[in-house]
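This report goes through the fold, the aromatic contacts and a surface feature of the structure below.

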Amino acid sequence: MADHALQLQGESEDHSHSHPSQSVYIRVALILTVITAIEVVIWYIDWFHDSGALIPSLVVLSIVKFVSVIGYFMHLKFDDSRYRYTFLAGLVLAISIVAALVVLMRTHQIEYGLRLISGTS
Amino acid sequence: MWLFLASDCMFFGSLIAMYMIYRGDAERMFLAGQGNGPLPDEILDIPYTSISAFVLLMSSLTMVLALASIQRGNQRGLRVWLGATALLGTVFLGGQFFEFSSFHEEGLGLTTNIFGNSFFTLTGFHGAHVTIGVFWLISLIIVSLRGGVRQDQALNVEIAGLYWHFVDIVWIIIFTLVYLIPYDKVESVQHQAEQGFRLIGLG
């Protein structure tokens with residue numbers, strides 16, 4: 001029983017530190033290269049600019065690249081969940097900082113511009 | 001390391017927020033006769049930067065291959081892949097130096113306009129991170145040559161790798177935000193301003 005528990009514990013530790021094989025790394029790198037090429041190609045296609053599909057497409061492709069690197073190259077997909085939550089906490093805070101600052105400053109700039117136009121500074 | 005990376009996320013988050021706040025302002029100021037060129041759509045070179053982005057992505061691959069080598073106890077493989085990573089990082093930095101120099105020759109400096117200010121601050125801090133990473137990798141190679149990185153010390157390589165991949169994911173965001181998402185041309189900014197004036201009854 002104790003041996004079985006130790007074996008399970010060992011398996012759990014192995015799993016928390018397991019890393020993908022070299023072929024997985026190479027496949028991920030190939031996918032990242034293809035995505036980067038797609039990003040550049042769609043930048044040159046007028047339809048993406050005219051239809052407004054360019055920015056959403058670029059954002060989605062960047063998110064896929066971002067998640068692939070942190071998931072596979074940084075092993076976050078295979079690591080202890082505490083590391084994942086630590087990094088995600090920083091990431092969520094960073095996104096919140098960006099959103100808050102952009103909304104705050106852009107609103108201020110618009111109000112300032114309107115005051116300038118109406119002459120009520 | 002994860003705590004440091006989480007804090008660095010917030011550092012780059014602030015720089016990216018700064019860039020987004022002032023994005024497009026150079027065109028508006030130019031239109032109002034208050035700013036100088038060159039403007040982003042006149043100066044950014046997408047094919048050139050795409051190659052830089054590819055180089056940095058490939059350096060992430062060589063970094064994980066270095067880690068895989070030391071985890072198998074392959075010292076030579078570790079040094080080869082770490083050397084390749086440092087070399088690719090140096091190529092990226094060389095590209096950035098060339099880009100900064102050509103922008104300077106075309107008249108864009110840190111204080112030329114709001115675009116120059118926010119662009120050089122954001123990409124400059126990223127370049128500083130890459131430089132630190134290259135020195136870290138070279139120091140690991142030197143330690144390895146002296147027999148200081150054993151198989152049971154693979155964690156040291158993994159920590160350096162985490163930093164390196166972080167620098168890579170920051171570039172993924174910068175590449176999209178700064179280079180690929182198109183900037184309004186001066187004519188379209190003028191059109192938007194006229195529409196805005198009409199909307200509030202001043203046009």
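The sections below describe a predicted model.

## Fold of chain B

Chain B has eight helices and zero strands, and along the sequence its pattern reads α-α-α-α-α-α-α-α. Of the contacts in chain B with a separation of 6 or more, 80% are between residues 24 or more positions apart.

Chain B has 203 residues, and 52% of them are buried. The chain exposes about 8,900 Å², with 64% of this area supplied by carbon and sulfur atoms.

## Aromatic pairs

Over all chains, the count of aromatic pairs is 21. One of them joins B:W136 and B:Y163, whose rings are tilted, with 5.4 Å from centre to centre and 45° between the planes. B:W136 belongs to helix 6 (residues 114-145) of chain B and B:Y163 to helix 7 (residues 154-180) of chain B, so this pair ties together parts 27 residues apart in sequence.

The two partners differ in their cover. B:Y163 has a relative accessible area of 4% and is buried, whereas B:W136, at 27% relative accessibility, is partly exposed.

Ring pairs also link a cluster in chain B, made up of B:F92, B:F100, B:F103, B:F115, B:F119, B:F120, B:W171, B:F175 and B:Y179.

## Nonpolar patch on chain A

On the surface, A:I55, A:V59, A:I63 and A:V67 form a nonpolar patch with about 320 Å² of accessible area together. Among these residues, A:V59 lies in helix 4 (residues 54-73) of chain A. The relative accessible area of A:V59 is 36%, so A:V59 counts as partly exposed.

How values were computed. Residues numbered from 1 in each chain as written. Chains lettered and ligands numbered in written order. Predicted model: local features only at pLDDT ≥ 70, side-chain atom pairs only at ≥ 80, totals over all residues. Heavy atoms only, no water. Phe/Tyr/Trp six-rings, centres within 6.5 Å; stacked < 30°, edge-to-face > 60°. Helix = DSSP H or I, 4+ residues; strand = E, 2+ residues; numbered from the N terminus. Buried < 20%, exposed > 50% of the residue type's maximum accessible area, 1.4 Å probe, protein only. Patch = residues over 30% accessible without salt bridge, like charges linked within 9 Å, V, L, I, M, F, W, Y side chains within 5 Å. Areas by Shrake-Rupley, 256 points an atom, 1.4 Å probe, with all protein chains shown as cover. Salt bridge = Lys/Arg side-chain N within 4 Å of Asp/Glu carboxyl O. Contact = heavy atoms within 4.5 Å.
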